[in-house]
Every structure is written in structure tokens, then in C-alpha cells.
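Work through these exercises with the structure in view. Try each task before reading its solution.

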Amino acid sequence: AYVSQGIRLLIPVLILTALSGCKTPTTMVSSWQNPAFTDAGFEDLLVIGVADTNETRRLYEDTFSRVFVSEGARSQPSYRLLPQSGPLSEEQIRGAMEGGGFDGVLITTLVSVDEQREFVPPPEQQNNRPASNVGPGGQMNVRTSPGGVGYFQSYSRSYSATHIEGYYKTDTTYRFTTELYSGGTGTMVWRGESETVNPKNRADKVGSVAEAVVRELKSEKLLQ
């Protein structure tokens, strides 16, 4: 079949774009919702990221806000209203909430990073020596096994199995805690804990967490 040059050039681009959009999955390991909260879902959220640097704080807040907006909710990063470094006071947060008309505030933070080192042993030695069989004229033929595998292939397999060393691999797990509070009462409405294992980079990690959290909030009908 005829395929134009333009389509041939476009196909690899589409494949790369699809692959680059795949995020490392995040698992919600716990999810709690306040049974006393019976109001409708939230419409406009202030996002506060708690981090060790202002750059990381902005990454948290921008990423969560972007995911909220993509799901149809209004959201704003807190650093745009409260750009100062250091801890925020209750008065500052309350002033930003009231001034912006937010009906809820979401707070997210990285609580732990765990590394687990595991030894991966070498592959077990394969005992695939060629079996003798009777060839034409009644002579024994040991060049090939009944399966048709040559003696060199069998030797190469066995040699590799006995000479390949085991190795260690490290899995890194990032655990986030995210909490949602009512702007009207100040009480906690929802709390979730998530785990992300071996993310590609910081943006991949935070993006995956944000998507998992927003997906959980939607399933709990906490977003309008």
C-alpha cells in the first residue's frame, strides 16, 4: 500500500508523543472522607504545596491547579497570592481564602522517601546438553539434540548462565499526604495518602500524584 512521505514522518512523532505522555502510576493507599460533610462538592480551591524549597512548592501548586482546571474545577496556586518564603500564618491563609472567594483549600506534601535495595540473582544454569540420537546408518549423532539445538547454542547458554553475575536494584517509593479542608468551617473534609514508585523525574512524580488525587476526589463526589 502507498504511504505518503508526510504520513511516514508523522507516525514516529505521534508514537513519541504518546510515549512521553505516559506517567508513572500512583496508588492511593488510603482515603478518608469526613462523614459529617454533606455539602455539595467544591468549586474553587486554593492549592498549598508544602516543600523544602520555593521551586518545589510552585511545582506542587502549579501541577495540582493545572489538573484541577483540566477536570473543570477552578483552582489557584497559593504562591500567586502568598509569594513569601517561610511558613504561612493562619491569618495569611484565611485572608487569601476570603479575598479569593475560595470554598476549599487543598494542602499537599511529600512525607517520606523510602529506598528498598533488592538482590537479583543470576539466571539458573540451564542443563540443556544435547541428547544423543541415532543418525543415518545407525551412527550416533551428538551434534544436535532432538529439539534441533546445536551444541554451540547449548554451550553458549550454559556458559552465560554460569558467568552472568547477580546485581542489586533499588526501588524508590515517594509517599505524599494530601488534605482537603472546607473554607467555610475550616474542618478537614478528606485526607489521602499515595505512593509513587520509581518516577521518571520530579514533574512525572508530582503530575502522577495530582492526577491520582483529583481522580479520587471526583470519585468521592467532592468536586463539582
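**Exercise 1. A charged pair**

With which residue does Asp204 form a salt bridge, and how far apart are the closest N and O atoms?

Solution. This is a predicted model. Step one: find the partner. Asp204 forms a salt bridge with Lys200. Step two: read the distance. The closest N and O atoms are 4.0 Å apart. Step three: check the exposure of each residue. Asp204 has 7% relative accessibility, so it counts as buried, since buried means under 20%. Lys200 has a relative accessible area of 56%, so it is exposed, the cut-off being over 50%.

**Exercise 2. Salt bridges across the chain**

Find where Glu71 and Lys218 lie, and say how many residues separate them.

Solution. Start with the contact itself. The side chains of Glu71 and Lys218 meet in a salt bridge of 2.7 Å, N to O. Glu71 sits in the loop between H2 and strand S3 (74-77), and Lys218 in helix H5. They are 147 residues apart, so the pair links distant parts of the chain. Glu71 is partly exposed at 38%, and Lys218 is partly exposed at 40%.

Now take a second pair. Arg191 forms a salt bridge with Glu179, with the closest N and O atoms 3.0 Å apart. Arg191 belongs to strand S8 and Glu179 to strand S7, so this pair ties together parts 12 residues apart in sequence. Arg191 is partly exposed, at 29% relative accessible area. Glu179, at 17%, is buried.

Finish with the count. The salt bridges number 11. Asp114, Arg175 and Glu195 are linked in a network of them.

**Exercise 3. Pairing the strands**

Which strands pair in the parallel sense, and which run antiparallel?

Solution. First, list the elements. The protein chain has five helices and eight strands. Second, take S8. Seven bridges join S8 to strand S1 (residues 26-33), and the two run antiparallel. Ser31 stands opposite Gly192 in S8. Third, move to S7. Nine bridges join S7 to S8, again antiparallel. Thr177 has Glu193 in S8 as its bridge partner. S7 and S8 form a hairpin with five residues between them. In the turn, Gly186 has a positive phi of about 80°. S4 and S7 pair in the antiparallel sense over 16 bridges. Leu106 has Leu180 in S7 as its bridge partner. Last, S2 and strand S4 (residues 104-120) run parallel, joined by six bridges. There, Leu45 stands opposite Gly104.

**Exercise 4. A surface patch**

Which residues form a nonpolar patch on the surface?

Solution. They are Tyr151, Phe152, Tyr155 and Tyr159. Together they have about 480 Å² of accessible area. Tyr151 lies in helix H4 (residues 151-163). Tyr151 is partly exposed, at 45%.

Conventions
Residues are numbered from 1 along each chain as its sequence is written. This is a predicted model: local features need pLDDT of at least 70, side-chain atom pairs count only at pLDDT 80 or more; totals for chains, interfaces and linings use all residues. Side-chain values use heavy atoms; hydrogens and water are left out. Helices (H or I, at least four residues) and strands (E, at least two) are DSSP runs, numbered from the N terminus. Patches are made of residues with over 30% relative accessible area and no salt bridge: like charges are joined within 9 Å, nonpolar side chains (Val, Leu, Ile, Met, Phe, Trp, Tyr) within 5 Å. Accessible areas come from the Shrake-Rupley method with a 1.4 Å probe; for residues, only the protein chains shown count as cover. Buried means under 20% relative accessible area, exposed over 50%, partly exposed in between (1.4 Å probe, protein chains only). Two strands pair if DSSP finds at least two bridges between them.
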